[in-house]
Amino acid sequence: MSFKAFSYSVKQGLLSIRRNRMFSLASIGTMMACLFMLGVFLSILINFNHIVSSAESTVTISVYFNSDVTPERIAEIGRDISARKEVASAKYKSADDAWAEFAKEYYADDEDLLASFGEDNPLGDSDSYVVTLKSIRDQETITKYLQAITGVRYVNSPQATMESLNKLNRIISVASISLIVILLLVSIFLISNTVVVAISVRREEIAIMRLIGATSQFIRGPFIVEGVVIGFTGAVIPLLLLFGLYQLLLHLVENDLATMASWLQLMSAGHIFAYLVPICLVLGIGIGLLGSLFTVRKHLQV
């Protein structure tokens, strides 16, 4: 296509959007809603995966011993645990260390109550190994192994919590994909209707163009441009809205919800939009292109 033909297609495509502004606005609005919801759900999924991954990297399994286990046996258990290929580290925590951590966390603001314990250690039987895994997938295997060790009294493993988080992640993913597919189909339908209206309005003009020998590519060009412009516009606007809203959310979490910031560690806007921008633009332009191509092929026999 020559530059002159390309310029004509762009001009006529934009004029068609203006002529059929109601259908065009409906198509753009639906595309915006679709990609806005896509952006919201993708942001949730990316952040949720990040939170789960952060939680997995800090998950530890605590191994407690029977009261009659000797120090030699405790050291032997530690060597056996460290020798496992699934284990990243196995650090010994004495009962005194456990009480010191507990007191610092819960009695730091009440020294009188802490002093009332004197030299007593309420956690006297809490000698343990804190086990960190290389992969959270090995949690169930290692937990069963630890529970079977002679001399082990109790194994504290947050397996149920991690399974719940992973299950919630799968539910959010399925729900997001289902809703997004429905909205994408609605967007394609509306863009197709917009192009159909444009074809109907210009039917006589198209017939004349056929008679004077205009090529199929030349006739189809404006309708393709129309679909692409609608798709591009419907992608850019929600991206701008999402960027502003995400920046507000980050500010809210970092300042007004500071107590939540310790576990609700959201990813930066730059990281999120490195995914969202190409996905939304490709989907927006792609849906506009597919919708217009499908409609032109069906309703415009050239």
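Is Thr-143 buried or exposed? Thr-143 is buried, with a relative accessible area of 6%, where buried stands for under 20% relative accessible area, exposed for over 50% and partly exposed for in between, with a 1.4 Å probe and protein chains only.

## Basis of the model

This is a predicted model, in which local features need pLDDT of at least 70 and side-chain atom pairs count only at pLDDT 80 or more, while totals for chains, interfaces and linings use all residues. Residues are numbered from 1 along each chain as its sequence is written, and side-chain values use heavy atoms, with hydrogens and water left out.

## The sheet

Four strands form an open sheet in the order 2-3-1-4, with antiparallel pairing; strands are DSSP runs of E with at least two residues, helices runs of H or I with at least four, both numbered from the N terminus, and two strands pair if DSSP finds at least two bridges between them. Strand 2 (87–93) and strand 4 (152–156) are the edge strands, each pairing on one side only.

Strand 1 (residues 60–65) pairs with strand 3 (residues 128–133) in the antiparallel sense over five bridges, and Ser-62 stands opposite Val-130 in strand 3.

## Helices on the sheet

Helix 3 (residues 71–83) packs on the sheet and touches strand 1, strand 2, strand 3 and strand 4, contact being heavy atoms within 4.5 Å.

Helix 6 (residues 139–147) lies across strand 1, strand 2, strand 3 and strand 4, and Thr-143 is found in this helix 6. The side chain of Thr-143 reaches the backbone oxygen of Gln-139 at 2.7 Å.

Key. Axes fitted to C-alpha atoms, helices over the stretch in contact; angles between N-to-C directions. Polar contact = N/O pair within 3.5 Å; in protein donor to acceptor, adjacent residues only side chain to side chain.
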